[in-house]
Amino acid sequence: MDISLVGRIIPVFVQAAWTTVELSLISLAIGLAVAALIAGLRLSHVAILRFLGTAYVSVFRGTPALIQIFLLYFGGPQIGIQLEPFAAGAIALGLNIAAYMAESIRGGVLSVDRGQMEAARSLGFAEGQSMRWIVLPQAAKLMIRPLGVNAVALVKGTALVATISVVELTYTAQRFIGSTYKPFEIFAVTAVLYMIMVYGLTLIIDRLDRAYAGEA
């Protein structure tokens, strides 16, 4: 193993890892926003809205994330959508993970005893108020772990945007392999940096989970 090479590439790879973190955060924000909307559609009493929510989840969970990235980045210009690689990757990943997060949110809401909603309605709360003040605070405790799993999958999934030349961790690794011909050292450093990112995210999820458990 070429230790000197590892020492030389670490600063560059740390910078690339920061790009991966930025990409993950933006995609996560998009994913959570869209997931909340889709979960609302899936829980709606209106049949057409439930259908639209179900269709979204089926399409984005039923097709590879890589194809979705290609469709937006390479196919987008044909319909007037011209995006830079980073923006295309962030949006595509966000829309993809939203389908999984929507099911996590929906599952959390459905896990709350239906009697909670009925009790709130009997006290004079409107349905929206009952959902906001009674159901969602209880459901949030149940969503943390599933959403955390989704977030971890998202961080690892950012490697896919290397295929559209986003200069994140995996793309940087591929470039260095081409110039150094040392795949073991390059991918070992890459794997360690991914593990650090995932471990840090896992710590945040554990802390949130314990904080909500302490309120229970």
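Trainee: I would like to learn how to read aromatic groups, so which residues form one aromatic cluster here?

Mentor: In this model, which is predicted, Phe 70, Tyr 73 and Phe 74 form one aromatic cluster. By the ring-pairing rule, the count of aromatic pairs comes to four. Tyr 73 and Phe 74 form an aromatic pair with 4.9 Å from centre to centre and 70 degrees between the planes, and because planes over 60 degrees apart count as edge-to-face, that is the name this pair receives.

Trainee: How should I read the relative accessible area, and what does Tyr 73 count as?

Mentor: The general idea is that a residue under 20% is called buried and a residue over 50% exposed, with partly exposed in between. Tyr 73 has 23% relative accessibility, and therefore counts as partly exposed. Leu 52, which has its place in helix 2 (residues 47-62), is also partly exposed, because its relative accessible area is 43%. Arg 42 is buried, because its value is 17%.

Trainee: Where does Arg 42 lie, and which residues does Arg 42 touch, not counting those up to four places away in sequence?

Mentor: Arg 42 lies in helix 1, which covers residues 3-42. Once residues up to four places away in sequence are set aside, Arg 42 touches Arg 50, Gly 53, Thr 54, Val 57, Glu 103 and Arg 106.

Trainee: Returning to Leu 52, which residues make the nonpolar surface patch with Leu 52?

Mentor: Val 46, Ile 48 and Phe 51 make this patch together with Leu 52, and the patch has an area of about 390 Å². A residue needs over 30% relative accessible area to be part of a patch, and Leu 52, at 43%, is therefore above that cut-off.

Trainee: How many helices and strands does the protein have?

Mentor: The secondary structure comes to eight helices and zero strands, so that, read along the sequence, the pattern is α-α-α-α-α-α-α-α. Along its principal axes, the C-alpha trace spans about 70 × 50 × 20 Å, and buried residues make up 40% of the 216 residues.

Trainee: Which residues does the UniProt annotation "transmembrane region" cover?

Mentor: According to the unreviewed UniProt entry, this annotation covers residues 23-43, 55-74, 86-102, 147-166 and 186-205. A record can be set beside the model, span by span. Residues 86-102 are 100% helix and 0% strand, with end C-alpha atoms 24 Å apart. Residues 147-166 are 55% helix and 0% strand, and the end C-alpha atoms of that span lie 25 Å apart.

Definitions and conventions:
Residues are numbered from 1 along each chain as its sequence is written. This is a predicted model: local features need pLDDT of at least 70, side-chain atom pairs count only at pLDDT 80 or more; totals for chains, interfaces and linings use all residues. Side-chain values use heavy atoms; hydrogens and water are left out. Patches are made of residues with over 30% relative accessible area and no salt bridge: like charges are joined within 9 Å, nonpolar side chains (Val, Leu, Ile, Met, Phe, Trp, Tyr) within 5 Å. Accessible areas come from the Shrake-Rupley method with a 1.4 Å probe; for residues, only the protein chains shown count as cover. A salt bridge is a side-chain nitrogen of Lys or Arg within 4 Å of a carboxyl oxygen of Asp or Glu. Helices (H or I, at least four residues) and strands (E, at least two) are DSSP runs, numbered from the N terminus. Buried means under 20% relative accessible area, exposed over 50%, partly exposed in between (1.4 Å probe, protein chains only). UniProt positions are given in the numbering used here, feature names are shortened, and annotations may be inferred rather than shown by experiment. Contact means heavy atoms within 4.5 Å. Rings of Phe, Tyr and Trp (its six-membered ring) pair if their centres lie within 6.5 Å; planes under 30 degrees apart count as stacked, over 60 as edge-to-face and the rest as tilted.
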